[in-house]
Amino acid sequence: MPPTAPNLLPHLALLTAMAFWGSTFVVLRIALTTLSPLQTMAGRMLVACIVFLPLWPRLWRELKTHGHLGTLTLMALCEPCLFFLFETNALRLTTASQAGMITSMLPLLVAVTAFATLREHAGLRMWLGFLLAVCGVTWLTLTAVPDEKAANPLLGNILEGVAMCCAAGYTVLARHLSAQYSALCITAVQAFVGMVFFCLLAATIPESAALVSLGRTFPAWAPWACLLYLGGIVTFAGYGLYNFGVKRLNAGRAAAYTNLIPVFALLFGIALLDEKLLPAQYGGAALIVLGVLLSQWRGKAAANPAS
């Protein structure tokens, strides 16, 4: 059933978050034309922490009241730490459009994780959809070929797939923690742990000097503007809106909105970076979409009793 007026807000929040996240693939690749992956992520998390600075006294009181610091840390390690580590390196090697298509796997991975940990219902259609989507991702990845915009799409797509596994763990943990913590507090913990994680890595681990080439020239200020956008808008507003939606919906229903990320990523990639899928890759993309639709057909029917 379509959402009623009192329940519309979390759906609008999730839709807006998906638009922000869909733009991330393009914005990250622009930032990576000048900055290394660890510099990009450390800068992004630092900006987010600065945005949260006026709210920290209130958020600290919330943390002391509810505890669960171990679970919060594990959630933040899943995302943003490991998720961004894999995804940022993936976007050095593959296109924004291909990486965006890989994100179609997230709702299915969340459903599998929620079935294993939260005992949320998972039927035959979900498992069949999962299998089809995995086949589609494999097809999309194996038919990719290196070019000036994607140095190693095979490895890049694999890294993006690993990032999606981390995102699935984060979504289930965030759903569990949202019973006690506000969406704002969960997002702030992610920003703080992510800042510490990436600043330590950037200070201790040497990185390759190779930068991303997009076949076009951007203004010198563009990568720095991308950092401000990633930290101030995508991290602060995007995760805040997503955590708000997860708090009011179950993990599977909230994750279903990530089906829109590949659409936004493809549109932004085409419009801003002149990207496109190879003809052979459209079959894999269609198989991913078919698998997701099959799983969500079951999910919509099963979601009503829980809503």
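The model is predicted. The chain contains 13 helices and zero strands, and 52% of its 307 residues are buried. Of the contacts between residues at least 6 apart in sequence, 91% connect residues at least 24 apart.

**Overall fold and surface**

- Read from the N terminus, the order of elements is α-α-α-α-α-α-α-α-α-α-α-α-α.
- The chain has an accessible surface of about 13,400 Å², and carbon and sulfur atoms account for 73% of that area.

**Nonpolar core**

- In soluble globular proteins, nonpolar side chains tend to be buried together.
- The largest nonpolar core of this chain comprises 81 residues.
- Met 75, Phe 83, Phe 198 and Tyr 242 have the most contacts inside this core.
- Beyond its neighbours within four places in sequence, Met 75 contacts Tyr 170, Leu 173, Ala 174, Leu 177, Ile 186 and Gln 190.
- Phe 198 has a relative accessibility of 0%; this value is under 20%, so Phe 198 is classed as buried.

**Aromatic pairs**

- Eight aromatic pairs are present in the structure.
- One of them joins Phe 197 and Phe 198, whose ring centres are 5.1 Å apart. The planes of these two rings stand at 90°, so the pair is edge-to-face.
- A cluster linked by ring pairs consists of Trp 21, Phe 83, Phe 84, Tyr 170, Tyr 239 and Tyr 242.

**Nonpolar surface patch**

- Leu 8, Leu 12, Leu 15, Leu 260, Val 263 and Leu 267 form a nonpolar surface patch of about 480 Å².
- Helix 1 (8-31) and helix 12 (260-273) are the elements that give two or more residues to this patch.
- Leu 12 belongs to helix 1. Its relative accessible area of 42% lies between 20% and 50%, so Leu 12 counts as partly exposed.

- His 176 is located in helix 8 (residues 153-177). At 48% relative accessibility, His 176 is partly exposed.
- The C-alpha atom of His 176 is separated by 9.5 Å from that of Val 246, although the two residues are 70 residues apart along the chain.
- Ser 178 occupies the loop between helix 8 and helix 9 (183-204). With a relative accessible area of 4%, Ser 178 is buried.
- Not counting residues up to four places away in sequence, Ser 178 touches Ile 186, Val 246 and Lys 247. Ile 186 is also in contact with Met 75.

**Backbone features**

- Most residues other than glycine have a negative phi, and most peptide bonds are trans.
- The peptide bond from Glu 79 to Pro 80 is cis, with omega near 25°. Pro 80 lies within helix 4 (residues 69-93).
- His 68, which is not a glycine, has a positive phi of about 60°.
- The position of His 68 is in the loop between helix 3 (56-66) and helix 4. His 68 is partly exposed, at 38% relative accessibility.

Key: Residues numbered from 1 in each chain as written. Predicted model: local features only at pLDDT ≥ 70, side-chain atom pairs only at ≥ 80, totals over all residues. Heavy atoms only, no water. Helix = DSSP H or I, 4+ residues; strand = E, 2+ residues; numbered from the N terminus. Buried < 20%, exposed > 50% of the residue type's maximum accessible area, 1.4 Å probe, protein only. Contact = heavy atoms within 4.5 Å. Areas by Shrake-Rupley, 256 points an atom, 1.4 Å probe, with all protein chains shown as cover. Core = buried A, V, L, I, M, F, W, Y, C linked by side-chain atoms within 4.5 Å. Patch = residues over 30% accessible without salt bridge, like charges linked within 9 Å, V, L, I, M, F, W, Y side chains within 5 Å. Salt bridge = Lys/Arg side-chain N within 4 Å of Asp/Glu carboxyl O. Phe/Tyr/Trp six-rings, centres within 6.5 Å; stacked < 30°, edge-to-face > 60°.
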